[in-house]
Amino acid sequence: MIRFDAQENAFYLDNGRITYCFGVVKEGYLESRYFGRHLRRCQGSARPAYFDRGFCSNPDSQDKRFSLDTLPQEYPGMNQGDFRSPAYAVETADGRRVTRFLYQGYEILPGKPPLPGLPATYVEQPQEAQTLVVRLADAHTGAQIQLFYTIFRDLDAICRHVEVVNGGREALWLERLMAMSLDLPGNNYDLLTLSGSHLMEKVVSRRPLTADSVVLDSCRGASSPQQTPCVVLTDPQTDETHGRVWAVNFVYSGDFQGVVQMGQYGGVRVQMGMNPLTFGWNLEPGQRFVSPECVLVYSQQGLNGMSHTFHRLYAQRLCRGPWRDRVRPILLNSWEAFTFSIDEEKCLSLAKQAAQLGMELFVLDDGWFKNRMDDRRALGDWVADPVKFPHGLGRLAQGVREAGVEFGIWFEPEMVSYDSDLYRSHPDWVIRSPYYDPVLSRSQLVLDLSNPAVQDYLVEAVSAVLTETGASYVKWDMNRHITDLGSAWLPARRQRELSHRYMLGLYRVLEQLNQRFPQVLFEGCSSGGGRFDAGMLHYMPQTWTSDNTDAVCRLQIQWGTSLLFPPVTMGCHVSAVPNHQTGRVTSLQTRFAAALGGNLGYEMDIRTLTPEEQAEVKEQIRTYKALRETVQHGTFYRLLSPQRHNDSGWNVVSQDGNTVVCCQYRVLADPLRRTTVVHLQGLDPEATYRRQADGVCFGGDELMYAGLSDAPVRQDFVSVISIFQKVEG
Ligand code: GLA
């Protein structure tokens, strides 16, 4: 899949469906040539015109047509005449930032090497992928930059990351180190991003690219609900099904920066990496620095095609552990109904009721540990509150299992409250500057996870609870962003490393817990989807999508999330009405139809349901169990966007192609009761499908090309779930 063409001086990464090509020019510079649909050869038919232009600097004094400012580059530096956004900036021992990393050689490796200490996609067999390592060297410092490219045999994705090796005799300071940089030709693109906020994560925003730069970033200590480390470029006419898409997603959970920069002579530069605002790294002689990786996806089949590549890669080769391929349990979570006032008696009665309704897991959320009566105290002290749980957590978990459901528990391990035994005994374990009182958020402080003693404490504290309870599920929360970046553990010259060291520390803690408790299902959370990113999915194969459980808002949030992440990674719960975030009242049916887009759970006091509601919930759970393999592990298609329409819809097709689920939603009642049609996707046009509700049979061609209408009723917030089974023969 990877070859170096000596005649063209070019590297080709090609799996028969996509081609990625770059060349070596002037014996040192890497020229981006092509990323897109498979080509037999890339001879330069679309190469930009090179001539002597005003203000262009010329590294080759004999050739005034050649300038780095106009060259489409693979990994541009700074201070050498490319005045666009640099991929890296290295400060040398003399305080200058002038380096010249030039092409030196390459190597092709089978499979995909792991990234030590970092989340990454992986292969199970070496033949699933091939990796190219291109070496750039700087003659003055003796340092090397190594560019890693992995192409997958069965997926239209390329993974890139960068390693820096200090082979010199003096320390280097890495100031900026993007995981990838790519110059694409042309200037007629739309840019799609996933922006948002707490309670409204991953809203799709789309605009035409004009001149100038767009910077997406987070310096919050988490990938954040405000931005997603992802850049999607499309042709202007690209939609869900048709058209070209180039997407980059960062496999990282901390501060990031994404850059989209239009070139003055056409062409667009795309970069993604750690945020230089909060990143810096002191690299001593002999040391190596490994950046996190980016996934680059190309799709010829619009945004659904892009999503299918991300979904397959993330579900099968980013997520790990025994839960990767299993269906996920239907859970009852205590938070929305009880917040901090939860106790043993409530837990046991809820667990009993949950089991009767067919649920499989009871999750004890916040409020269970010593003195935790509100959000102002006790974070860090991971022992049960003796008043609420007089018989301890072990007995509670046993009781929950005897009631007929598994036991799961909530933690927010990265945090500490002033009012906690942990803070009183280790005031030096928090992130802060010694000169100011740290800024609080939700009344809490952040632990300094760069410190190995803090990491070890967390592993032991969480392990003790998991061992005592035999919990089969953990919800891992993170409810504030990081301020006052300062560490009592790090020396002065390494303070700028704190943000990245925090992430490395967190990943180490999660890795150890994964290894100690391989059977435990971890679900990530950060006040909802505040850290719903590819980095976290490597350790926790699902994430709580949003604290906003309102069915109408959820349609948008889940739609945006599905651009990158498959339904099996999304926690989706039915909660009580009026919804506690929006005050909106939607039917139980519509709340279920919204939650059907991911991993189903309930988050309400199910003991107060009327007998009719109980019967309805029971029926929902029966339905979900029958469909869950399809919903969680099938192929998901977005059909009509809830962001742009009053009516929206999606469908999912099981892996074996036999089951199809289609959900349609209408937000506001239409006085004209117009009919909306969605065109299903992924069906076999030759096959026949029987609709479960009425037994009527339709051709796959009809459902896809003629479409499926909804049943307009005089009501707001309505939904229709249609289930089809392929009919044999
Ligand atoms: C965050 C989570 C909620 C809940 C609370 C508990 O907001 O997103 O689901 O766990 O914390 O404090």
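## The second largest cavity

Let's begin inside the protein. The lining of the second largest cavity consists of Leu 555, Gln 558, Trp 559, Ala 594, Gly 597, Phe 636, Leu 640, Pro 642, Ser 648, Gly 649, Trp 650 and Tyr 665. A cavity here is a set of points, on a 1 Å grid over the protein atoms alone, where a 1.4 Å probe fits but cannot get out, and lining residues have an atom within 4 Å of a point. This second largest cavity holds about 100 Å³ of space, where a volume is the space filled by probe spheres set on grid points joined across faces, edges and corners.

## About the model

This is a predicted model, in which local features need pLDDT of at least 70 and side-chain atom pairs count only at pLDDT 80 or more, while totals for chains, interfaces and linings use all residues. Residues are numbered from 1 along each chain as its sequence is written, and side-chain values use heavy atoms, with hydrogens and water left out.

## The largest cavity

In total, the structure has nine cavities of 30 Å³ or more. The largest cavity has a volume of about 160 Å³. It is lined by 15 residues, and Tyr 29, Gln 73, Tyr 75, Gly 77 and Phe 101 are the closest to its centre. By class, this lining has eight nonpolar, five polar and two charged residues. In this scheme Ala, Val, Leu, Ile, Met, Phe, Trp, Tyr, Cys and Pro are nonpolar, Asp, Glu, Lys and Arg are charged, and the others, Gly among them, are polar.

## The ligand site

Which residues are the closest to the ligand? They are Asp 365, Asp 366, Arg 442, Lys 475 and Asp 547, from a shell of 13 residues (each with a heavy atom within 4 Å of the ligand). That shell divides into four nonpolar, three polar and six charged residues.

Ligand oxygen atoms lie 2.5 Å from a side-chain N or O atom of Asp 547, 3.0 Å from a polar side-chain atom of Trp 410 and 3.0 Å from a polar backbone atom of Gly 528. The protein covers 97% of the 310 Å² of accessible area that the ligand has on its own (Shrake-Rupley method, 1.4 Å probe).

## Domains

The domain assignment, automatic or from a database, gives domain 1 (2–182 + 277–317), domain 2 (322–631) and domain 3 (647–727). Taken over C-alpha atoms, the centres of domain 1 and domain 3 are 44 Å apart.

Conventions
Polar contact = N/O pair within 3.5 Å; in protein donor to acceptor, adjacent residues only side chain to side chain. 1 Å grid on protein atoms, 1.4 Å probe; cavity = no way out; pocket = protein on both sides within 12 Å on 5 of 7 lines; lining within 4 Å.
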